[in-house]
Amino acid sequence: MDAHLIDRIRGARRVAVLTGAGISTASGIPDYRGPEGVWTRTPSAMNAFTLKNFRADPGVRREFWRTYAGHAAWRAEPNAAHRALADLDGAGVAVRVLTQNVDGLHQRAGLAARKVLELHGTMHTTRCTGCRQRFPTPEVLARVQAGDDDPACERCGGILKLDVVLFGQTLDGEVLGHARNIAAASGLFVAIGSSLQVEPAASLCSVAVQAGATLVIVNRDPTPYDDDADFVLRQDIEAVVPQLCAAIRGS
Ligand SMILES: [Zn+2]
């Protein structure tokens, strides 16, 4: 690893990490925009992940639930990158993860839930769009698998929707405000496995840089924020993130 990079990040005390789909591909979860990505292989899936269509069309909801029932994330385990970030927290380093992922793998790797901000929500809970009652998603998927392919709220009959942000849906303002504060307070901001094409999440890089943080981008492909970064790493995420964490700790 680059000696300038090691010098620059060693001893960082407040580390904010923005993670995207690329950190979970080594766990067997396909990304969205890569060559094998969900949107690349099945452009029609974007239709099912659009709020307006989801609300209006039972056929779209059936496709959505079918897709999620077979989602690789239900069988996925955290990988070395998730574990390295979880292990970095504590021992004098404060780690906050701002994630675009909905798979919950940072928490499964051992990072406290309060240290993970899920910018795009979570696939692990489902909510009624009518009465706002929350259900564990596996309960809803069990109904789908039992033949109830457009499951309605058991309390009010309303449309059930996964707690993930769909296209056409705005991010939770409170979560985003909190994420901006974390980015601005970080000394080191590391973007990992995100194409940085989805706003406003991607602009957290600018928030951090404007506040004086060092920006490191780890991604297979170029991103719109590479010119703002102090260091851009194209290496394999599962290999390079543990090295970065070791460098931060000075070990
Ligand atoms: Zn309801």
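In this predicted model, three strands form an open sheet of 3 strands in the order E5-E4-E6, with antiparallel pairing. Helices (H or I, at least four residues) and strands (E, at least two) are DSSP runs numbered from the N terminus, and two strands pair if DSSP finds at least two bridges between them. Strands of a sheet pair through backbone hydrogen bonds, either parallel or antiparallel. E5 and E6 stand at the edges with a single partner strand each, so one side of each has no neighbour in the sheet. On average, neighbouring strands are turned by 40° against each other, direction ignored; such axes are lines fitted to C-alpha atoms, for helices over the stretch in contact, and angles run from 0 to 180 degrees between N-to-C directions. Residues are numbered from 1 along each chain as its sequence is written, local features need pLDDT of at least 70, side-chain atom pairs count only at pLDDT 80 or more, and totals for chains, interfaces and linings use all residues. Side-chain values use heavy atoms, with hydrogens and water left out.

Looking at one pair, E4 and E5 are joined in the antiparallel sense over 3 bridges, and Arg127 stands opposite Arg134 in E5. Two helices pack on this sheet. Helix H5 (residues 58-69) touches E4 and E6, and its direction makes about 50° with that of E6. H8 touches E4, E5 and E6, its direction making about 75° with that of E5. Contact here means heavy atoms within 4.5 Å.

Next comes the metal site. The zinc ion has Cys128, Cys131, Cys153 and Cys156 as its protein donors, each through SG and lying 2.3 Å from it. Donors are N, O and S atoms within 2.8 Å of the metal (3.2 Å for Na, K and Ca); water is not among the atoms, so sites may look incomplete. The 4 donor atoms subtend angles of 98 to 115°, which makes the arrangement tetrahedral, a label given to four donors if all angles lie between 85 and 135 degrees. The donor spacing in sequence is C-x2-C-x21-C-x2-C. Cys131 sits in the loop between strand E4 (121-128) and strand E5 (134-136), and Cys153 in the loop between helix H8 (137-145) and strand E6 (160-164), so this pair ties together parts 22 residues apart in sequence. Cys131 is partly exposed at 25% relative accessible area, whereas Cys153 is buried at 5%; buried means under 20%, exposed over 50%, and partly exposed in between (1.4 Å probe, protein chains only).

Conventions. Tetrahedral: all angles 85-135°; square planar, octahedral: opposite > 155°, others 65-115°.
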